[in-house]
Amino acid sequence: MSNLEKYDKLFLSSFRVKPEDLPTLTYRGIPAWDSVGHMEFMSEMEETFKISLSTLDVLDFSSYEKGKEILAKYGVTL
Amino acid sequence: MMDILRWTDPLAEGNCYVCAEGDRAVVIDPCHPEGPASLLEERGLVPEWILLTHEHCDHMLGLEPLRHKYPEAIVLCSAPCDAGMQNKYLNMSAMMEVYLTFKGKPGAHYPPLVCSPADQTFAEEHTMTWRGHTLRLTPLPGHTPGSTCILLDRDTLFTGDYLIPGEAVITRLPGGNTEIYERVARPWLSALPPGLRICPGHGEPYALTQEVKDTYGL
């Protein structure tokens, strides 16, 4: 499975959205992606890609697209 | 006569309870590296047992320092709590700075941590007697896999992150499970008798009433 597939799968399983929803998905844009959902989601992101995100980056991870930029800082290319 | 003392962490607002009998104590949820130990020292108490209501770091941040200071104290918790406190994701310490920011406390330094294994664990309901008192520890997964309520002498219940005044039960953090909460924890909590003294993991202790139960849908 490619990194992009893993990345997409995390969103799809965590928030139960459709693939076509991903490009416009934002933090607090759906009920499931609230502050509680965000913490579990970020934990799964770290475990999946074996990285440790800084607190600032976790807080800055505000959308599907923004997340790609942040993961790139940790050497995860999508 | 047992004294029940409470120490509250000003940052994460978790409660540590110290049940004191003579100069000995049972500590429930050592939530801070210094606070509970200071309370014990001030009162001249020596802890014999350290019990945990669940694995979240805001309830056991002071566990390792307390063990270091009182190596004879026995750490007892449910088996899933034991596993969870050894994992920075399940114990929430990996996300604690984020959590505190969401709670309006940005900039706190709260590095991820793990604890060493408990001395004793239980998988089913566990009853212990201590200096003439009975403590019944009931595993109630849902909020976390290791969540446990601790009933002292049939009249005081330490509930961890269940029955927190004004807050709904959270089952969506790592390891939480709504279906298990509904199937296991909620029926048990629903059967609690009014009049019980509730000592929650956050907030002030209070007397359980039917009105309170109604607000939690119990």
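Is B:Cys199 buried or exposed? In this predicted model, B:Cys199 counts as buried, because its relative accessibility is 1%.

**Cysteines**

- A disulfide is a covalent bond between the sulfur atoms of two cysteines.
- The cut-off for a disulfide is a pair of cysteine sulfur atoms within 2.5 Å.
- For B:Cys115, the closest cysteine sulfur is that of B:Cys81, and the separation of 8.8 Å is likewise too far for a bond.
- B:Cys115 has a relative accessibility of 4% and therefore counts as buried; the threshold for buried is under 20%.

- B:His59 lies in helix α2 of chain B, which spans residues 57–60.
- With 0% relative accessibility, B:His59 counts as buried.
- The side chain of B:His59 is in polar contact with the side chain of B:Asp29, at 3.0 Å. A polar contact also links the side chains of B:His59 and B:His202, at 3.2 Å.
- Leaving aside residues up to four places away in sequence, B:His59 touches residues including B:Pro30, B:Cys31, B:Leu52, B:Thr53 and B:His54. Among the others that B:His59 touches are B:Gly160, B:Asp161 and B:Gly201.

**Interface of chain A and chain B**

- The size of an interface is often given as the accessible area lost when the parts come together. Chain A and chain B bury about 1,400 Å² between them, and 67% of this area is on carbon and sulfur atoms.
- In terms of residues, 18 from chain A are in contact with 15 from chain B.
- The salt bridge joins the side chains of A:Asp34 and B:Arg172, with an N to O distance of 2.5 Å.
- On the side of chain A that touches chain B, α2 (35–49) and α3 (55–60) of chain A each supply at least two residues. The largest share of that side comes from α2(A), with 10 residues.
- By class, the side of chain A that touches chain B comprises eight nonpolar, six polar and four charged residues.

Note on methods. Residues are numbered from 1 along each chain as its sequence is written. Chains are lettered from A and ligands numbered from 1 in the order in which they are written. This is a predicted model: local features need pLDDT of at least 70, side-chain atom pairs count only at pLDDT 80 or more; totals for chains, interfaces and linings use all residues. Side-chain values use heavy atoms; hydrogens and water are left out. Buried means under 20% relative accessible area, exposed over 50%, partly exposed in between (1.4 Å probe, protein chains only). Helices (H or I, at least four residues) and strands (E, at least two) are DSSP runs, numbered from the N terminus. A polar contact is a pair of N or O atoms within 3.5 Å; within protein, one must be able to donate a hydrogen and the other to accept it, and residues adjacent in sequence count only if both atoms are side-chain atoms. Contact means heavy atoms within 4.5 Å. Buried area is the accessible area (1.4 Å probe) that two parts lose on being put together, summed over both. A salt bridge is a side-chain nitrogen of Lys or Arg within 4 Å of a carboxyl oxygen of Asp or Glu. Ala, Val, Leu, Ile, Met, Phe, Trp, Tyr, Cys and Pro count as nonpolar, Asp, Glu, Lys and Arg as charged, and the others, Gly among them, as polar.
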